[in-house]
Amino acid sequence: LTFLLVASSLVHAQLTDGSHTVSLTESVITWKVGYSIGTKGHEGTLNLTSGSMLVKDGIIQGGNFTIDMNSVRATDMTGEGAKDLEDHLKGDDFLSTKNHPKGYFTVLNSVSSSAGKVTVSGYLILKGISNTITFPATVAETKTAIIIQSEFTVDRTLWGINYQSGSIFGTLKDE
C-alpha cells in the first residue's frame, strides 16, 4: 500500500517556529494498491479532517493529522465499479470504517537529511492499531505556503488489513 501525502500550511510563508494549521482544501492523501502479478491494482484518495504541525528551531518537531476514512475514493474507476470498490474498502475486509471512521498520524520528529529533505517518524493509527512509520519527505516553501510531499509504502497487514494478502495467505496475488 503506497501513500502519497501532500499537506500544505497556508498560515506562514517560512518554516517559522510555532504551530502551523494544514489547509484541508489543498491537502490530499493519495493511496495506491498494486498486485504482485497481473493487473495494475487501484488508486484513490483520502481526506484529512484536521491537521497541524509544530515547528521549533526551523525543524518539524511534531504534528497531528486526522484522516476521514469514510472519504476513501477510487480515482482509477468511475460509476458503479468505483462505488462497489469504495464500499468494499470501507468494509471489514479493509478499513472497517463503521467501527473506525478516523485514522490518525502523529509526528514524533523529523531529521533533516539535506536541503529541503527530511525523514519523518511518527505513529500511524488505522483500525485502532498503532504502528511506527518512518518515511522521507520534501519540504518546499512558497510566499504563501509550506508544502510537504512524501511517497512511502506500508505493509497493510500490520494494521489488520489482511484481505487476500500474500504474506498472510501464501498466495502470489496481493490486494
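Two strands pair if DSSP finds at least two bridges between them, where strands (E, at least two residues) and helices (H or I, at least four) are DSSP runs numbered from the N terminus. The model is predicted, so local features need pLDDT of at least 70 and side-chain atom pairs count only at pLDDT 80 or more, while totals for chains, interfaces and linings use all residues. Residues are numbered from 1 along each chain as its sequence is written, and side-chain values use heavy atoms, with hydrogens and water left out.

**Exercise 1. Describe the surroundings of Ser71.**

Step 1. Locate Ser71 in strand β5, which covers residues 59-74.

Step 2. Ser71 has a relative accessible area of 6% and is therefore buried (under 20%; exposed is over 50% and partly exposed in between, with a 1.4 Å probe and protein chains only).

Step 3. Leaving aside neighbours within four places in sequence, Ser71 is in contact (heavy atoms within 4.5 Å) with Thr45, Leu46 and Asn47.

Step 4. The side chain of Ser71 reaches the backbone nitrogen of Asn47 at 2.8 Å and the backbone oxygen of Asp68 at 2.6 Å, and Asp68 is itself the bridge partner of Asn47.

**Exercise 2. Work out how the rings of Phe135 and Phe152 are arranged, and which parts they tie together.**

Step 1. Rings of Phe, Tyr and Trp (its six-membered ring) pair if their centres lie within 6.5 Å, and planes under 30 degrees apart count as stacked, over 60 as edge-to-face and the rest as tilted; by this rule there are three aromatic pairs.

Step 2. The centres of Phe135 and Phe152 are 4.3 Å apart and their planes lie at 15 degrees, so this pair is stacked.

Step 3. Because Phe135 lies in strand β8 and Phe152 in strand β9, the pair ties together parts that are 17 residues apart in sequence.

Step 4. Phe135 is buried at 4% relative accessible area, and Phe152 also counts as buried, at 13%.

Step 5. Phe135 and Phe152 belong to one aromatic cluster with Phe65 and Phe105.

How values were computed:
A polar contact is a pair of N or O atoms within 3.5 Å; within protein, one must be able to donate a hydrogen and the other to accept it, and residues adjacent in sequence count only if both atoms are side-chain atoms.
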